[in-house]
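Dear colleague,

I am handing over the structure we spoke about, with the sequence alongside. Please look through it first, and then read my notes below.

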Amino acid sequence: MDMYTDLAAAAVRGYLMRNSENGLPAELTKVPLGSLSDSDILKLITFGEDAGIKLYRFKRGHEELPRVKKILGFLHSVQPQSLLDVGSGRGVFLFPFLNEFPDTSVTSLDILDYRVRFLEDISAGGISRLTAIKADICSKPFPDNSFDAVTLLEVLEHIPNVEKAINAAVKMSRRFIAVSVPSKPDNNPEHIHLLTKPILTEYFNRAGCSRLTFSGVNGHLIMIASKGEQHERTDFT
């Protein structure tokens, strides 16, 4: 399987370190992840497979999804030093981002215990620039201007109080907020809103953010909001 091997190895190491009597050799836990040899990485992945860890989550290919590729391309053009990713889910965006932005500190926000614990294992296993927090974005868990960018990707359609979530995202971001939402109705019962360009424009304008750029790919509406006094040049469009 073609996978993000460093992330998979970190997840395995973090998981096994969290469980006593895991049989993991000391040399695979004491050495920084980046200093492990390729054979050590493969050993960790084998340990993970034997432990029943779902390593398919780290399969490459999500970075080629049009909506993910579009957001990654934009972020490459602005090079954020810090990112808040809201509702990281299965890592469809998060894992490609961690792979392509090795110097960016990333905070993942989720309301589900098992997803936060999974990402905590990756952090403890060697991806220390990743922090996983269990919190609701609507509670605005960080101070104003805490992150260069905030990503709300395939998440707003799930949140009952969309406007409150947007207000919090705008306040916590220093520079940009990136959004992707379904652009047409679907059969997913967890999608409780259909957020159109006029609706998003109204919410972001009321949050004090009027510099909006819209695009669309394969059934998804994508929006970038800029908080700068002037538009920063990007490769989004």
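The sulfur of Cys 209 lies 17 Å from the closest cysteine sulfur, which belongs to Cys 138, and that is too far for a bond. The structure accordingly holds zero disulfides, a disulfide being a pair of cysteine sulfur atoms within 2.5 Å. Cys 209 counts as buried because its relative accessibility is 2%, and Cys 138 also counts as buried, at 14%. Here buried means under 20% relative accessible area, exposed means over 50%, and partly exposed is in between, with a 1.4 Å probe and protein chains only.

Please keep in mind that this is a predicted model, in which local features need pLDDT of at least 70 and side-chain atom pairs count only at pLDDT 80 or more, while totals for chains, interfaces and linings use all residues. Residues are numbered from 1 along each chain as its sequence is written, and side-chain values use heavy atoms, with hydrogens and water left out.

Next come the helix pairs. Two packed helices are described by the angle between their axes and the distance between the axes. Helices (H or I, at least four residues) and strands (E, at least two) are DSSP runs, numbered from the N terminus. The axes are lines fitted to C-alpha atoms, for helices over the stretch in contact, and the angles run from 0 to 180 degrees between N-to-C directions.

Helix α1 (residues 5–18) packs on helix α3 (residues 38–51) at an angle of about 55°, with the axes 9 Å apart. That angle makes α1 oblique to α3, since angles under 35 degrees count as roughly parallel, over 145 as roughly antiparallel, 65 to 115 as roughly perpendicular and the rest as oblique. The crossing of α1 and α3 is left-handed, which means that the near helix is turned anticlockwise from the far one by less than a right angle, whereas clockwise would be right-handed. On the α1 side the contact includes Ala 8, Ala 9, Val 12 and Leu 16, and these residues of α1 belong to a set that meets residues of α3 including Ile 41, Leu 44, Ile 45 and Phe 47; contact means heavy atoms within 4.5 Å. The residues of this contact between α1 and α3 divide into ten nonpolar, two polar and two charged, where Ala, Val, Leu, Ile, Met, Phe, Trp, Tyr, Cys and Pro count as nonpolar, Asp, Glu, Lys and Arg as charged, and the others, Gly among them, as polar.

For α7 and α8, the axes come within 9 Å and cross at roughly 50°. That makes α7 oblique to α8, and the crossing of α7 and α8 is right-handed. Val 162, Glu 163, Ile 166 and Val 170 in α7 meet Leu 200, Tyr 203, Phe 204 and Arg 206 in α8. The residues of this contact of α7 with α8 divide into six nonpolar, no polar and two charged. Helix α7 spans residues 162–172, and its buried residues are Val 162, Ala 165, Ile 166, Ala 168, Ala 169, Val 170 and Met 172. Those buried residues of α7 pack against β1 (82–86), β4 (147–153), β5 (173–182) and α8 (197–206). Ile 199 also lies in helix α8, and Ile 199 counts as partly exposed at 30% relative accessibility.

Finally, there are some loop residues to look at. Glu 190 is placed in the loop between β5 and α8, and counts as exposed at 53% relative accessibility. Leaving aside its neighbours within four places in sequence, Glu 190 is in contact with Glu 157 and His 158. Gly 52 is in the loop between α3 and α4 (66–78), and counts as exposed at 54% relative accessibility.

Lys 140 lies in the loop between β3 (130–134) and β4, and its phi is near 45°, a positive value in a residue other than glycine. Asn 145 lies in the loop between β3 and β4, with a positive phi of about 60° although it is not a glycine. Lys 140 counts as partly exposed at 26% relative accessibility, and Asn 145 counts as partly exposed at 39%.
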